[in-house]
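Hello,

Here is the structure we talked about passing on. Please have a look at it, then read my notes below.

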Amino acid sequence: MDVTLPDGAKLTVSEDATALTVAETIGPRLAKAAVAATVGGRLVDLSMPLHDGDEVSIVTLASEDGLEVLRHSSAHVLAEAATRVFPGTKVAIGPAIKDGFYYDFEFPEAVTEEALARFQTEMERSIKEAKPFVREEVSRERALELFEDEPYKAELIRDLPEGETISLYRHGDFVDLCRGPHLPDTGRIPSVRALSIAGAYWRGDSANTMLTRVYGTAFPSRKELDAHLERLEMARQRDHRKLGRELDLFSFHDEGPGFPFFHPKGMRVINALLEYWRAEHRAAGYEEIKTPIILDRALWEQSGHWDNYKDNMYFTRIDEADFAVKPMNCPGGILVYRSAQHSYREFPLRMAELGLVHRHELSGVLHGLFRVRTFTQDDAHIYCLPEQIEDEVVGVIDLVMRMYRTFGFEKVHLELSTRPEKSIGSAEMWEAAERSLAVALERTGLEYSLNPGDGAFYGPKIDFHIEDVMGRTWQCATCQLDFAMPERFDLEYVGVDNQRHRPVMIHRTVLGSIERFLGILIEHYGGAFPAWLAPLQAVVIPVADRHNDYAAEVVAALGVAGVRAEVDDRTESVGRKIRDNEMAKVPYMLVVGDREVEAAAVSLRSRAEGDLGHRERDDAVREVARGAGIPVPVLE
RNA sequence: GCCGGCGUGGCUCAAUGGUAGAGCAGCUGAUUUGUAAUCAGCAGGUUGGGGGUUCGAUUCCCUUCGCCGGCUCCA
């Protein structure tokens, strides 16, 4: 029979050929590297019999598919190890995930991190024995019989739709319900590591049993595993909670769980960030407003938050009346809009607000600045005509991309989410809105993916995911069309026809939460902020006490030039001062001693490049000021 | 919220069923220093809070608060 290869070439193989046969026919090296195959786009075992005309592609560990197979097989090996170490363990599910895999177990006893090493030993033993993975297809009855003592597997089997093929994978004594595919044998796992242990609910539902989840990862080589472990360690080193304390940026206290306290240095960073933010927004034609944090219950009833968001809100009473602390800025912003009549001539009306919101998050999900109970949204609401949506969305996308580039977030992934099942508004309204967003995306020429049915109930949206230096992604910016609020608040404008109309409302953020974005920046830069964001931009280091006066002059000159500068006049050695300021990640140091005082000069040192040598004093001030300035918006 | 782990001076960490110790930071003094740590001395903790067991607890138990890891990337 003939099969087709990815390059279109035909290959003639025997009637009983498998994917492995194909790999062997192509070459011994490929046969050795092969771990699975795709047939007609479906990922299958190498041992899968082929049919005439199949499109066959051999999968190796070099591909994403290969990695997934490797990790899924590793999960099985982990389950084998876990049941061996703790007999009587019930197994639940064990999928491959980004960067690794996990397996959920119900252990007969409490299991802690100490068990990881034992799992590791057992896994390595299984790998050494190179046990073949054997696929077997069984009837539903047979499957239920086999997994009689495995309540979770039995539940999964019962939930499988009628007619679905039920397959098992066996390696050694271990059998698991599994769709596959798998590696040919356990010996094909080059490197695996049991990483951590934590609780997880069966099927993610807190009403269900709490299982014990063991996380692990596997890579095509020991070297890649080590590199991954190094990345994890690097991320630990860069943890913003650790750096935030070391750099004296912010703190948390038992008296306010989830409520960050910003220190002077943290506020310097935030203020620089906001200065840049305001410059960009001014350039993009936004006005800025500010609305109250506490507002009357009636407003929240009208906005729908009282019905839909109450569990996340904080409440208080003022003069016998119920008030709520705002979890979002839109209702307040709408009151500003409604405070006057509006004409189409004013549109598009772009009103930004750095709004402080409070949300009651579950205590267990709080996490440094990433998940807090109060934060500042860099919010904005754009009121416009339906035919202006497209231009406005393009404007938002441009603004977002421009600002992200400033922070070195070059890789941004855009996602268009469309109408969900439960939604308001007419079909044609949604269609038009989704089309506007899609057209706007096309106009920017940026790639994006579609997320059907994932929009908000009140309108479609575009989400932006940025990738930091460690390859982790974060959703920060969002751009949502909102049909609900204008309706609920009866928003109007007077059109060219002198009639009242409903404006379109666009809701968007760029940084998302200022606090969270700061956390992301801290980890992205490893605490070494670019000069314009650094809390302290320059330190002048006098060599001896007699140079203090001159050092003060240099600091004053830097200050006049807009540089956040200080003198380090401690009676310490120059080496010590440089070390301390280097640890504090100060971008510039200016050493002044006899030679510099004599020549009205400084010796310039940069955090990144070390000693830059002698400079005229004023040249140095200019050079530092240039490096320390807020980035200037450049409109295309 | 739930499960597991943790909670010792500002920070990092040590110790033990018999009333806690180091380094860094801090303070004082000496040193006046040329590109990543000068030296000496001093001071600092009711071992997260409350309760219990015990002759005695920081160490054991309970409770509470906080922190850390995680809570479908679906066989």
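Glu 390 is partly exposed, with a relative accessible area of 26%. Bear in mind that the model is predicted. The side chain of Glu 390 forms a salt bridge with that of Arg 443, at 3.0 Å from N to O. Glu 390 sits in helix H13 (residues 389-406) and Arg 443 in helix H14 (residues 427-444), so the pair ties together parts that are 53 residues apart in sequence. Arg 443 is also partly exposed, with a relative accessible area of 45%.

Other salt bridges

The count comes to 44 salt bridges. One of them joins the side chains of Lys 461 and Asp 463, at 3.2 Å from N to O. Are these two buried or exposed? Both Asp 463 and Lys 461 are buried. Another salt bridge pairs the side chains of Arg 617 and Asp 618, at 3.4 Å from N to O. Here Asp 618 is partly exposed, with 43% relative accessible area. There is also a network: salt bridges link Glu 80, Arg 84, Glu 122, Arg 125, Glu 129 and Lys 131.

The RNA

RNA strand B is surrounded by 51 residues. The closest are Leu 177, Arg 179, Arg 576, Glu 596 and Ser 603. Of the atoms of RNA strand B that come within 4 Å of the protein, 49% belong to sugar and phosphate.

Some contacts use the protein backbone. A polar backbone atom of Gly 199 is 2.7 Å from a sugar or linking oxygen of RNA strand B. Arg 203 places a backbone N or O atom 3.3 Å from a base oxygen of RNA strand B.

Which elements give two or more residues to the surface near RNA strand B? They are strands E7 (96-97), E12 (191-201), E13 (210-219) and E32 (601-606), with helices H8 (240-246), H18 (574-583) and H19 (594-599). H18 gives the most, with six residues. By type, the residues of this surface divide into 20 nonpolar, 20 charged and eleven polar.

A nonpolar patch

Ile 293, Ile 294, Ile 318 and Leu 356 make a nonpolar surface patch of about 270 Å². Ile 318 lies in strand E18 (residues 314-318). Its relative accessibility is 35%, so Ile 318 counts as partly exposed.

Best wishes

Note on methods
Residues numbered from 1 in each chain as written. Chains lettered and ligands numbered in written order. Predicted model: local features only at pLDDT ≥ 70, side-chain atom pairs only at ≥ 80, totals over all residues. Heavy atoms only, no water. Patch = residues over 30% accessible without salt bridge, like charges linked within 9 Å, V, L, I, M, F, W, Y side chains within 5 Å. Areas by Shrake-Rupley, 256 points an atom, 1.4 Å probe, with all protein chains shown as cover. Salt bridge = Lys/Arg side-chain N within 4 Å of Asp/Glu carboxyl O. Helix = DSSP H or I, 4+ residues; strand = E, 2+ residues; numbered from the N terminus. Buried < 20%, exposed > 50% of the residue type's maximum accessible area, 1.4 Å probe, protein only. Near = heavy atom within 4 Å. Polar contact = N/O pair within 3.5 Å; in protein donor to acceptor, adjacent residues only side chain to side chain. Nonpolar A, V, L, I, M, F, W, Y, C, P; charged D, E, K, R; others polar.
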